Amino acid sequence: MNVSLFSWVVIILAAFAANLPFFNQQLFALVPLRKETAWVKPIWVRLIELVALYFVVGIVAHFLEAGIGNVFTQTWEFYAITGCLFLVLAYPGYVMRYLRKKHA
């Protein structure tokens with residue numbers, strides 16, 4: 001596979017992972033937290049999931065880069081930019097969960 005395809009795979013994976021905490025009530029979309037129907041997952045759990053999924057996407061991207069050839073060393077600027085980009089990718093899920101008007 002080529003570098004362009006790997007780049008698109010990482011971008012699509014990051015967009016999916018960034019929105020995943022906001023579109024379900026389970027931990028990492030796998031582990032049910034409570035059986036109550038009225039229970040809503042708190043925002044701090046969603047933020048912890050968001051940070052964990054950021055690192056998961058980073059590890060996948062690192063392995064894809066290692067499969068291509070050279071793995072480049074990254075400094076703090078890279079992680080600051082990719083963290084902000086991950087938050088921007090999470091914005092649609094945040095809007096759907098917290099800012100959208102609910103019709104009764």
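**Entry 1**

Of its 23 lining residues, Val10, Gly58, Ala61, Phe78 and Thr82 are the closest to its centre. I noted that this is a predicted model, where local features need pLDDT of at least 70 and side-chain atom pairs count only at pLDDT 80 or more, while totals for chains, interfaces and linings use all residues. Residues are numbered from 1 along each chain as its sequence is written, and side-chain values use heavy atoms, with hydrogens and water left out.

I wrote down the terms. On a 1 Å grid over the protein atoms alone, a pocket is an open set of points where a 1.4 Å probe fits, with protein on both sides within 12 Å along at least five of seven lines; lining residues have an atom within 4 Å of a point.

Next I checked where the lining comes from. Helix 1 (3-19), helix 2 (43-68) and helix 3 (76-89) each supply at least two residues; helices are DSSP runs of H or I with at least four residues, strands are runs of E with at least two, and both are numbered from the N terminus. Helix 2 gives the largest share, 9 residues. By class I found 17 nonpolar, 5 polar and 1 charged residues in the lining.

**Entry 1: helix 2**

The 26 residues should span 38 Å, and the end C-alpha atoms are 37 Å apart, so the two agree. Val45, Arg46, Glu49, Leu50, Leu53, Tyr54 and Val57 of helix 2 are buried, meaning under 20% relative accessible area, with exposed over 50% and partly exposed in between (1.4 Å probe, protein chains only). Their cover includes helix 1, strand 1 (26-27), helix 3 and helix 4 (91-99).

**Entry 2: Asn19**

Is Asn19 buried or exposed? I found Asn19 buried, at a relative accessible area of 12%. Asn19 lies in helix 1. Its side chain reaches the backbone oxygen of Leu89 at 3.1 Å, and a polar atom of that side chain lies 2.7 Å from the backbone nitrogen of Gly93.

**Entry 3: Phe78**

I went back to Phe78, which is found in helix 3. Phe78 counts as partly exposed because its relative accessibility is 36%. From Leu50, Phe78 is 28 residues away in sequence and 18 Å away in space, C-alpha to C-alpha.

Methods:
Ala, Val, Leu, Ile, Met, Phe, Trp, Tyr, Cys and Pro count as nonpolar, Asp, Glu, Lys and Arg as charged, and the others, Gly among them, as polar. A polar contact is a pair of N or O atoms within 3.5 Å; within protein, one must be able to donate a hydrogen and the other to accept it, and residues adjacent in sequence count only if both atoms are side-chain atoms. The expected span of a helix is 1.5 Å times one less than its number of residues. Contact means heavy atoms within 4.5 Å.
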